Amino acid sequence: MSGNTRPPEGAAPSGDTGPGTSGTLFPEAAVSFGGGSPAEGGAMTPPGAGDGPDGGEARWAGPGPGDGDGAVTGAGVAARGRSAAGTCGTGGGGAGSGARGGGPEDRELLGRVFLARVFEPGDEAGGRWVRERGAPEVVRRLREGGRALPGVSEKRWAGLCARAGRADPGRDLAVARSAGARFVVPGTAEWPGQLDDLGDARPLGLWVRGGPSLRMWALRSVAVVGARACTEYGAHMAATLAAGLAERGWVVVSGGAYGIDGAAHRGALGAGGATAAVLACGVDRPYPPGHTALITRIAEQGLVVGELPPGDHPTPSRFILRNRVIAALTRGTVVVEAAHRSGSLVTARAARRLGRHVMGVPGPATSALSAGVHEMLRGDAVLVGDAAEVVELVGAMGELPPERRGPVLPTDLLESRTRQVLAGLPGRGTATAGEVALRAQTTQDDAVARLYELRALGYVERHGDGWKLTRQAMISVRGGRSPC
């Protein structure tokens, strides 16, 4: 079937019999993955390319709904560094596979790029369709605009089909490449397997900026989240926790927002550690704008991740849905300051549902910004105060925090009955050996023997028939008492 022939209404394009076939998915988009020779990650032509092994321009026949009869050539995308099938863009590994041709993996990849523009994050109906039918088949059904797939109303199906008419995976991949981003999909080497715990709400794929492997970083990561309008105490605790985790080799994951998120990212970066920001918008459009420099630095030293396609803007619902990715990606979630109504508590609840560790940093009992954390701690969350206590929960067996105790005073080393005699001396003035014995509940001879022992140690001195505490003893005894 040529690129200028429209199929009959409701009929599938020639050769498209479902997932894994080489038929039409997109309107004549010329999409090239990679550039240069096969050894350098050579071009991967999409399905339907018939220009021979030289890897010339590939054209996909069959305009979709709303397209004209004329041929349309989409954006050519040169994405070097394709580390594995299904990972496109720069960074993330190696020179590329050097494969050519349009195999099922490439159709699945492009289908997911297409659907990421159609479905909202966490769309369980869409996730179920992709799981049951494969991305290419779902794309075909949306482009045909026929009968709705099961699980959605006709009105919603019409809305999805309208969005499908505007989707252009070639353009999205081109924009991502210009921003230094790649698209990581399930089943590839860089995909974090723990995201599969989300079931049908699992992201179709993740756009990633930054050089490190997302999968390897996620294996040893902790989320640090909290209030945007945080206090100085909250910012200090977030930065200190993040720095301590980074120094112990953990990746700090947060949302890149103002307040606790920003403090956590800065704490990890300041310690020379690793951090990743999961955004509720396109990874090429840092949000909030005031954190553009911070997010750019994170992309240079760590990872910036998002499931929304390039150029997409954040909305309140997208922030909430983004939180499930933070919870699933990490080994545990630490909440530092959160009011009763806080998005960070959504992250904590998602982590709890997924079987991850949930931790909270307590604040003043009178602080409204800590009320949500305190409510968590009254439930099944674990109170933590520093990085060592976080690692005790999320780390390997045996990674225990040091034993904590107050200072050891010199008088703590005395034998218990000797301490009793020392305590029998008045704070001011002198006392006879008999008076000391009476207060220490011992005999006078025993009291005298222990007073001479204390004198040798410098705790008491004798004045005639009386005994009194020395200045050294006063300092030692007072040091062990509460100032209250």
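Predicted model: local features only at pLDDT ≥ 70, side-chain atom pairs only at ≥ 80, totals over all residues.

Numbering runs from 1 along each chain as its sequence is written, and side-chain values use heavy atoms, with hydrogens and water left out.

First, the overall picture. The protein has 17 helices and 13 strands; helices (H or I, at least four residues) and strands (E, at least two) are DSSP runs, numbered from the N terminus. Of its 484 residues, 51% count as buried, where buried means under 20% relative accessible area, exposed means over 50%, and partly exposed is in between (1.4 Å probe, protein chains only). Now look at contacts, meaning heavy atoms within 4.5 Å. Among the contacts with a separation of 6 or more, 69% are between residues 24 or more positions apart.

Next come the charges. A salt bridge is a side-chain nitrogen of Lys or Arg within 4 Å of a carboxyl oxygen of Asp or Glu, and by this rule there are 18 salt bridges. Find Arg117, which forms a salt bridge with Asp172, the closest N and O atoms being 2.5 Å apart. That pair links distant parts of the chain: Arg117 is in helix α1 (residues 104-118) and Asp172 in helix α5 (residues 169-178), 55 residues apart. Arg117 and Asp172 are both buried. Arg117 also meets Asp312 in a salt bridge (2.9 Å, N to O). Asp312 sits in the loop between β7 (303-306) and α10 (316-329) while Arg117 is in helix α1, so this pair ties together parts that are 195 residues apart in sequence. Asp312 is buried too, because its relative accessible area is 13%.

Arg140 counts as buried because its relative accessibility is 13%, and Glu137 does so at 9%. Elsewhere, salt bridges that share partners join Arg117, Glu120, Arg163, Asp172, Asp312 and Arg318 into one network.

On to the rings. A pair of aromatic rings is described by the distance of the centres and the angle of the planes. Here, rings of Phe, Tyr and Trp (its six-membered ring) pair if their centres lie within 6.5 Å; planes under 30 degrees apart count as stacked, over 60 as edge-to-face and the rest as tilted. The structure holds 5 aromatic pairs. In one of them, the rings of Phe183 and Trp207 have centres 4.4 Å apart and planes at 45 degrees, so the pair is tilted. Phe183 belongs to strand β2 (residues 181-184) and Trp207 to strand β3 (residues 206-209), 24 residues apart. Both Phe183 and Trp207 are buried. Tyr287 and Phe319 make another tilted pair, because their planes are at 45 degrees, with the centres 5.9 Å apart. Phe119, Trp129 and Trp157 form one aromatic cluster.

Now zoom in on Ser254, in strand β5 (residues 251-254). Its relative accessible area is 0%, so Ser254 is buried. Not counting residues up to four places away in sequence, Ser254 touches several residues, including Val224, His265 and Ile326.

Finally, the backbone. Most residues other than glycine have a negative phi, and most peptide bonds are trans. What is the peptide bond from Tyr287 to Pro288, cis or trans? The bond is cis, with omega near 5 degrees. Glu337 has a positive phi, near 65 degrees, and is not a glycine. Gln441 also has a positive phi, of about 60 degrees, without being a glycine. Glu337 is buried, because its relative accessible area is 2%, whereas Gln441 counts as exposed because its relative accessibility is 68%.
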